Amino acid sequence: MSLLMATGMTCGYGGAYIINDCALWVNKGEIAVIVGPNGAGKSTAMKAVFGMLNLCKGNVVFNGEDITHLAPQDRVRVGMGFVPQNRNVFVSLSVEENLEMGAFINDSDVSKMKEQIFELFPILAEKRNQPAGNLSGGQRQQVAVGRAMMTQPRLLMLDEPTAGVSPIVMDELFERIVDIALTGVAVIMVEQNASQALEIADQGFVLVQGSNRFVDTGKVLLANEEVRRSFLGG
Amino acid sequence: MEIANAFALLTNFVILPAITYGAQLSLGALGVTIVFGILRFANFSHGELMSFGAMVTILTTHLLQTKGVSISPMPTALLALPAGILATIVIALLEDQIIFRFYRKNRSTPITFTIVSVGLMFFMAGLIRIIIGPNEHNFADGARFLISFRDFKAITGLDQGIAIRQTQLITLLVTLIVVISLFWFIYKTRWGKAMRAYSDNEDLALLSGINPERVVLIAWIIAGTLACIAGTLYSLDKIYKPFIFMQIMLPVFAATIIGGIGQPLGAVFGGFVVAFSEVTVTYSFKKFLAYLGPTNWEPEGLVQLLSTDYKYAVSFLVLILVLLVRPTGLIPGKTI
């Protein structure tokens, strides 16, 4: 049984369906990557899993519990962490305060968790007192991931974590994401840099027009001729 | 001697009144800026909240006076202030629960909220006049001066004196305490940080598990407290007139915008900028220049930039000047 199991998800804005009978799942300690062309409904599928959109059909099961009708903030409490694509840090708060806000629902030892994040992202320790708005794009993404990690989630959801960062920073972010998965956290992410992301993926989902076109391990998808030609640029 | 006289004159008629008035405006602007930061609308009814707070404090003061309770030489109003604060918090929370919550649930636009607050302003103004009447109330008792004009002259031997009224000192001390505790709250405590986070990015605050209704509740408690203190200090220092609180929203809004909307530090700063401009521009510098100029000379006119009738216009003048140079306020705030 996967940690997250979303099946038959169908939903959209207004009348039209953006995602149609889409399924996503991820196991503990594994990385699942959602790729696909623009407008395929990748981000929408993520929002649907996190409850930011109401499903017309389908359901979401997390850790054996049906959470289809749970509000997003309550999903944080059951162990899901979400990093949105845009506006994912508190720009006027310092790096340290951003992390503290991430742990808002945790009454337990925040400072210990904070140290772990600083270990994972050493640059953040250096900039702990700076407003997050003054950081570079890559550093901001680290703050965003760090903030979501503060609740000690069992599932980390990332919506295009490498959007707008340089290739070097991207590689580093991917490395960190692998580190996070190695600690036993399940990671599910949407990525534009499809081939690099599939390289670290245990599970890959190729979404087209809101439905699963290909689902397999990252390696198999990378080797698949049709996937390569149509979605990975050759 | 001439120079000392000139500066005594300036201190007495410009610097001291401007600092006092600036502190009062700052407290008002802080309330407006906090409501704006959290609820994202310009609250026109804040002036009436100030008036309501002052009114309850005055009524409590009168009650205490008839019972013979006194903390002389301090004004009795200080003793009555907590009652005023409590009542203002209650009315602010009632306003929110009965009126603003409805629009929050409907996800109304900020302009809707603003118009609603204008309506509420008129309602509250009417309510206040029904309760306390339209007349002036002078409720300052206790010692009037810390240093009187005559004492100062006797001590220093100058022709010009500096009189420090007790209410001026109380205004400054209370403002200092209030501002320090407010800043301690929003920068050092868990819920204070949560408020800043919510103000910064509502969606992300929600994702972090911050309860928005709780944040709104705290914002109104702070706004009510600040409004009552600002209203009481203003009335204590000058006089309580119900209609003045509609006019005072002009300089208060100007201070909020000049400082940078949603920036608490900016609101404090803006309050003093507006107060100093208002007092300086409407002060007649004739005597001041006469002291500084050659002996037996004095300027022909009043050397007053604007008549005091225009003092509210000064706020706008400063507002426009500041916005031309720094469109988001002195400390960059939110853009509307």
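This briefing walks through a predicted model with chains A and B. Where the two chains touch, 13 residues of chain B are in contact with 17 residues of chain A. For chain B, UniProt also has an unreviewed entry that lists several stretches as "transmembrane region".

**Where the chains meet**

- On the chain B side, two elements each give two or more residues to the contact with chain A: helix 7 (190-200) and helix 8 (202-207) of chain B.
- Helix 7 of chain B supplies the largest share of that side, with 5 residues.
- If you sort the residues on this side of chain B by type, you get 6 nonpolar, 3 polar and 4 charged.

**Stretches listed in the record for chain B**

- Now try residues 312-331 of chain B, where the span is 70% helix and 0% strand, with 23 Å between the end C-alpha atoms.

**A helix pair in chain B**

- Helix 6 (residues 166-188) and helix 9 (residues 212-237) of chain B pack with their axes 9 Å apart, at an angle of about 170 degrees.
- Because angles over 145 degrees count as roughly antiparallel, helix 6 of chain B is roughly antiparallel to helix 9 of chain B.
- The crossing of helix 6 of chain B past helix 9 of chain B is left-handed.
- To find the contact from the helix 6 side of chain B, look for B:Thr167, B:Gln168, B:Thr171, B:Val174, B:Val178 and B:Leu182.
- Across from them, helix 9 of chain B brings B:Ile222, B:Leu226, B:Ile229, B:Leu233, B:Leu236 and B:Asp237.
- Sorted by type, the residues of this contact between helix 6 and helix 9 of chain B come out as 8 nonpolar, 3 polar and 1 charged.

**A helix pair in chain A**

- Helix 3 (residues 95-102) and helix 6 (residues 137-149) of chain A have axes that come within 7 Å and cross at roughly 35 degrees.
- Here helix 3 of chain A passes helix 6 of chain A in a right-handed crossing.
- Helix 3 of chain A makes the contact with A:Val95, A:Asn98, A:Leu99, A:Met101 and A:Gly102, while helix 6 of chain A uses A:Val143, A:Gly146, A:Arg147 and A:Ala148.
- The residues of that contact split into 5 nonpolar, 3 polar and 1 charged.

- Chain A has an open sheet of 4 strands, paired antiparallel in the order 2-1-4-5.
- Strand 2 (19-26) and strand 5 (65-66) of chain A are the edge strands, so called because each pairs on one side only.
- Strand 1 (residues 4-11) of chain A pairs with strand 2 of chain A over 5 bridges, in the antiparallel sense.

**A hairpin in chain A**

- Strand 9 (residues 203-208) and strand 10 (residues 211-216) of chain A run antiparallel and are joined by 5 bridges.
- A:Leu207 has A:Asn212 in strand 10 of chain A as its bridge partner.
- This hairpin has 2 residues between the strands, and A:Gln209 takes a positive phi near 50 degrees.

How values were computed. Residues numbered from 1 in each chain as written. Chains lettered and ligands numbered in written order. Predicted model: local features only at pLDDT ≥ 70, side-chain atom pairs only at ≥ 80, totals over all residues. Contact = placed C-beta atoms within 7 Å. Nonpolar A, V, L, I, M, F, W, Y, C, P; charged D, E, K, R; others polar. UniProt positions renumbered as here; feature names shortened; annotations may be inferred. Axes fitted to C-alpha atoms, helices over the stretch in contact; angles between N-to-C directions. Parallel < 35°, antiparallel > 145°, perpendicular 65-115°, else oblique. Left-handed = near helix turned anticlockwise from the far one by under 90°. Pairing = 2+ DSSP bridges.
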